[in-house]
Amino acid sequence: MFSYIMLGTNNPEISYQFYAPLMDVLGYPLDGRSEKGAAWGTFKDNHATGLCVGLPFNHRPATFGNGVMVALNAPSVEIINKLYTLAPENGGEDDGPPGYRPHYGDDFYSAYVRDPDNNKIAFVFYDPAKK
């Protein structure tokens, strides 16, 4: 459904320091980086998936959009727990601890963090053991 997601930042270096270790754990390769931002994932065809973080193209400050969230698939409960621990070590903030959220489904395991620009990021795993 999505080709890529672009998140605005006011400080590309701080954003890179936050996202680089998370994308490494998730296995998304760095596709490119400049003084304006960075991109992870693949951008090669119509089945590409990527995450970009950069200065807004209109040169205005990146602002937090309440109600906007990016959810990233994780391969296991253990990886979500690791990402949740790693995020604040790299400038992020807690926005909801790891756990099953049965109101989204018995198999829905997630954790929520905020990046240094206050963008909300979810890590999600649909646990086949809970179906």
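Reader: What makes strand β3 count as mostly covered?

Author: Five of the five residues in β3 (residues 37–41) are buried. Buried means under 20% relative accessible area, with exposed over 50% and partly exposed in between (1.4 Å probe, protein chains only). A strand here is a DSSP run of E with at least two residues, while helices are runs of H or I with at least four, and both are numbered from the N terminus.

By the way, this is a predicted model, where local features need pLDDT of at least 70 and side-chain atom pairs count only at pLDDT 80 or more, but totals for chains, interfaces and linings use all residues. Residues are numbered from 1 along each chain as its sequence is written, and side-chain values use heavy atoms, leaving out hydrogens and water.

Reader: Which residues of β3 sit on each side?

Author: Gly37, Ala39 and Gly41 are on one side, with Ala38 and Trp40 on the other. Every one of these is buried, so both faces are covered by the under 20% rule.

Reader: How do you know that β3 pairs with β2 and β4?

Author: Two strands pair if DSSP finds at least two bridges between them. Strand β2 (residues 30–34) has four bridges to β3, and β3 has five with strand β4 (residues 50–54), so both cases pass. Both pairings are antiparallel. For instance, leucine 30 has tryptophan 40 as its bridge partner in β3, and glycine 41 has glycine 50 in β4. A hairpin of two residues links β2 to β3.

Reader: Why is aspartate 117 said to have no salt bridge?

Author: A salt bridge needs a side-chain nitrogen of Lys or Arg within 4 Å of a carboxyl oxygen of Asp or Glu. For aspartate 117, the nearest side chain of opposite charge is arginine 114, 12 Å away, so no salt bridge is counted, although aspartate 117 is buried.

Reader: How many helices and strands does the chain have?

Author: Two helices and eight strands, running β-α-β-β-β-β-α-β-β-β from the N terminus.

Terms used
Lys and Arg count as positive and Asp and Glu as negative; His and the chain ends are not counted.
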